[in-house]
Amino acid sequence: MSREVANPKPGADFIRQIVAEDTESGRYGGRVVTRFPPEPNGFMHIGHAKSVCLNFGVAKEFGGVCHLRYDDTNPEGENEAFVVGFQEDIRWLGFDWGEHLYFASDYFERMYDCAVILIEKGLAYVDSESEEEIREGRGTVTKAGTPGRYRDRTVDENLDFFRRMQEGEFEGGTHVLRAKIDLESANMLMRDPVLYRIRHARHYRQGDEWCIYPMYDYAHCLEDAFEDVTHSICTLEFENNRELYDWVLDNVGFEEPRTHQYEFARLDLEYAVLSKRRIIPLVEAGIVSGWDDPRLSTVRGIRRRGVPPEALRLFCKMIGVAKAQSVVDIGKLEYAIREVLNQAAPRVMAVLDPIKIVLTNYPDGQTEEFEAPYFPHDVPREGTRMVPFSNELFIERTDFEEDPPPGFRRLVPGGEVRLRHAYVIRCEKVVRDKAGQLVELHCTHDSESRGGKGTAGRKVKGTIQWVSAAHALTAEIRMYDHLFLEIPESDSDEDEEIVSRINPDSLRILEGAKVEPSISDDSPDTRYQFERTGYFWKDPVDGVGEELVFNRIVSLKDSWSRSAAKSDVKVPKGKSGSEKVMNNPRRPEKPAVNESREAARAADPQLMARFERYSDDLGLTLEQADLLTTSPEVSDFFEKALAVYDEPAEVAGWLTTDVRGLLGARRLKDLTFDGEGLGQLVALVAADRLSRRAGKDVLARMIDEGGDPHQLIVEMGLEKVSDRSALESVIEEILAAWPEKVIEYQAGKSGLIGMFVGEVMKSTNGAADPKVARELLLKKLGG
RNA sequence: UGGCCCGUGGUCUAAUGGCAGGACACCGGUCUUUGGAACCGGCGGUGGUGGUUCGAAUCCACCCGGGCCAACCA
């Protein structure tokens, strides 16, 4: 059916464009119903999150609803814990299904009834062959399948068998219900797909009520149809399944407007493991602590890591939705997390790897407090806390360097550094033990520099964080990194192989970290920025009691270490720019004709004769002759057009490019006009009644809605405007309306000529002669 | 190898025959009591070859490359 682009929404993803078109055309009476259909046999991961954001997001944006429906049609592996898990994770992500919670297993009765309808129509049969026999009978991608010995059972026989299957009379594996479609279909899924199989297994919701269970392709479309879903959005690997989706609904008797399936590219993320098949071995081997390990890309893991749901939603928005299979840079996720946390996280000071500082000129036993703001000047949020200060402090080991590299802006022997919110200190002495190990640093503070004052005329290299030794809290800090050393290849699905790629440093535990005491008063789910190091929060499992345990959510962007260690820049895998493969640059004798079309011609002498006549007598190119003799249908169409307007090259041009393009999935025989109509149109263009461009608009209309070219020209107002003075005044207006573009054009941006011609075409509704318009524009613009 | 889908800077994505744009990354600068943030600037792209058109990322053909399909999984 034709899909008129009512009002394309530039910028929106293709799914939203389709929904927008359907909403505007009233196809579903303005209803929008989507659904998120997980199978409850695992936990939600970030790939599901993309789908959740899409389905719930689309519903929300178009005033519709999104159902949460469990696709629990296979009793094996499914359970209640996973059902609860998905609900928790979806809610956490910030979406709500309202009262629309459904279970495919609740529809088993109705699905059974639909199967009976198919059997009664002779469109499904009970096959009693073995699994292997069925597999063999299906053929291969290059070899057609062959009918099995049960394919022609009578309707009554099938009904009887199917009923007895349902009643539990047979062992698992002895019989299946199959659709009777086409064993020779190029689409393997259409070769009599299995609809029901026998499984004497306990279903987590239905118990032993059923011993036959529907297959995905049969069940899923019915679930959508039962729920009046309008847009059934799934991932690309289901593209081949769409034909079967439509077949089932059409044959069971669902009429338009009914649900339709649309496919988008699933999320793939660098360093992430996104399939159950690959996560389970990691969990079972104890490589990760469970489904909620913060290194995992499960929503539970991401959540435990401390990532806020807003960040995940922002990430999904950033990556978009399209059909091109792609791998997203992990840096985008990190950006989204920092973006959200920068605005939300209070800043506090913590020292991950402490080294002691003794202030030799600060009175022993004295304490003072600094009032320090939680947020920097550029984050519009209020709040301060008190930070205690004394003569013994900790600073970060990496903030002191005896032998500093050029550009080092922290503490060095004899040098000064500012303590954040406090004093400027100078390193006077490096104290070592007998083994030469650094023990502590003796420093002096400048009491004039309190809180940032008294620094005029003095250049202080840098500012570092610190905590007072006597007041500091000791914490364990878990530093997470990528679980894998390299981006896992999609084909590395062997368990051992995955294990061997694990990054041994994916979890680094820092035991003796020191944190400022103010945090003890905060809500346990506070996400902090530990200044200069990263974003952290208390581990919700191990960090909620007396023990302080922090997870690093994400580091801060670090332009220092990046520039200091330029050597380990990430080299993208695969081909780099310079070694981009040249795609067969020289192929002098390209095949002019297509092999399969040539074979078709060989079987049809009339087509073969026409092919030769087209290329030899009519002077068409081999390519044109080839395309025009694809089938008698095309060739006859061409002949009819020639009968009206005998200019083979011109007619062939229209038919092999424009008509083919506009036709899309439709066939010539579906059109309401034949070759004669095309011939008339081409003749009109040749007679200068309308421009070629306008002719194409007319053709599009003829193909979509039918109609006579003569009438359409008048109706659409496309009578050609090539009267120069009329065009000139249009051009004057356009140039006056785009003064900046005129200047840009005259400054050398010659590509703008297309935009000017386009504007002329637009304002004349496509009737202007673009050739003349261009010529006049060139003259006016001084080209 | 049969069918279906997909190729836009390093990465993700827009442009629906008419100005190839945005985001991330990267590089440089300004600012800064976080080597953070913010702000300014820069680098860099339509897989290839033909064709249709006044005009092609977009339509047509062929080629190259990638993905999916031969479960009684979803």
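Hi everyone, let's start with helix 2, residues 46-61: its 16 residues reach 22 Å from the first C-alpha to the last, close to the 22 Å expected at 1.5 Å a residue. That expected span is 1.5 Å times one less than the number of residues. Helices here are DSSP runs of H or I with at least four residues, strands are runs of E with at least two, and both are numbered from the N terminus.

Before I go on, a word on the source: this is a predicted model, where local features need pLDDT of at least 70, side-chain atom pairs count only at pLDDT 80 or more, and totals for chains, interfaces and linings use all residues. Residues are numbered from 1 along each chain as its sequence is written, chains are lettered from A and ligands numbered from 1 in the order in which they are written, and side-chain values use heavy atoms, with hydrogens and water left out.

Back to helix 2. Because 14 of its 16 residues are buried, helix 2 is largely enclosed by the rest of the structure. Buried means under 20% relative accessible area, exposed means over 50%, and partly exposed is in between, using a 1.4 Å probe and protein chains only. Just after helix 2 comes G63, with a positive phi of about 65°.

Now, some backbone details in the loops. Which residues does a cis peptide bond join? The pair is E256 and P257, and omega there is about 0°. You can find P257 in the loop between helix 8 (242-252) and strand 9 (260-264).

Two aspartates are worth a look as well. D192 has a phi near 50°, which is positive although the residue is not glycine. It sits in the loop between strand 5 (176-179) and strand 6 (194-198). D192 is buried, at a relative accessible area of 0%. D688 also has a positive phi in a residue other than glycine, near 70°, and its loop runs between helix 20 and helix 21 (692-705). Is D688 buried or partly exposed? With a relative accessible area of 49%, D688 is partly exposed.

Let's move to strand 6, where we find L195. L195 has 2% relative accessibility and counts as buried. Leaving out residues up to four places away in sequence, L195 touches L118, A124, L177, R178, A179, Y213, P214, M215 and Y218. Contact, by the way, means heavy atoms within 4.5 Å. Between the C-alpha atoms of L195 and E368 there are 77 Å, and the two residues are 173 apart along the chain.

H421 counts as buried at 18% relative accessibility. Its contacts, again without residues up to four places away in sequence, are M349, F370, A372, P373, R385, G451 and E531.

Finally, the helix pairs. Two packed helices are described by the angle between their axes and the distance between the axes. The axes are lines fitted to C-alpha atoms, for helices over the stretch in contact, and angles run from 0 to 180 degrees between N-to-C directions.

Take helix 19 (residues 648-663) and helix 20 (residues 675-686): they pack at about 115°, with axes 10 Å apart. That makes helix 19 roughly perpendicular to helix 20. For the wording, under 35 degrees is roughly parallel, over 145 roughly antiparallel, 65 to 115 roughly perpendicular, and the rest oblique. In the contact, helix 19 brings E650, V651, W654, L655 and V659, and helix 20 brings L678, L681, V682, V685 and A686. By class, these are nine nonpolar, no polar and one charged. Nonpolar covers Ala, Val, Leu, Ile, Met, Phe, Trp, Tyr, Cys and Pro, charged covers Asp, Glu, Lys and Arg, and the others, Gly among them, are polar.

Helix 20 also packs with helix 18 (residues 632-644), at about 45° and with axes 7 Å apart. Helix 18 and helix 20 are therefore oblique to each other. Here F637, K640, A641 and V644 of helix 18 meet G675, E676, L678, G679 and Q680 of helix 20. This contact has four nonpolar, three polar and two charged residues.

My last pair is helix 25 (residues 752-763) and helix 26 (residues 770-780), whose axes come within 10 Å and cross at roughly 125°. They are therefore oblique to each other. On helix 25, I753, F756, V757, V760 and M761 meet P770, A773, R774, L777 and L778 of helix 26.
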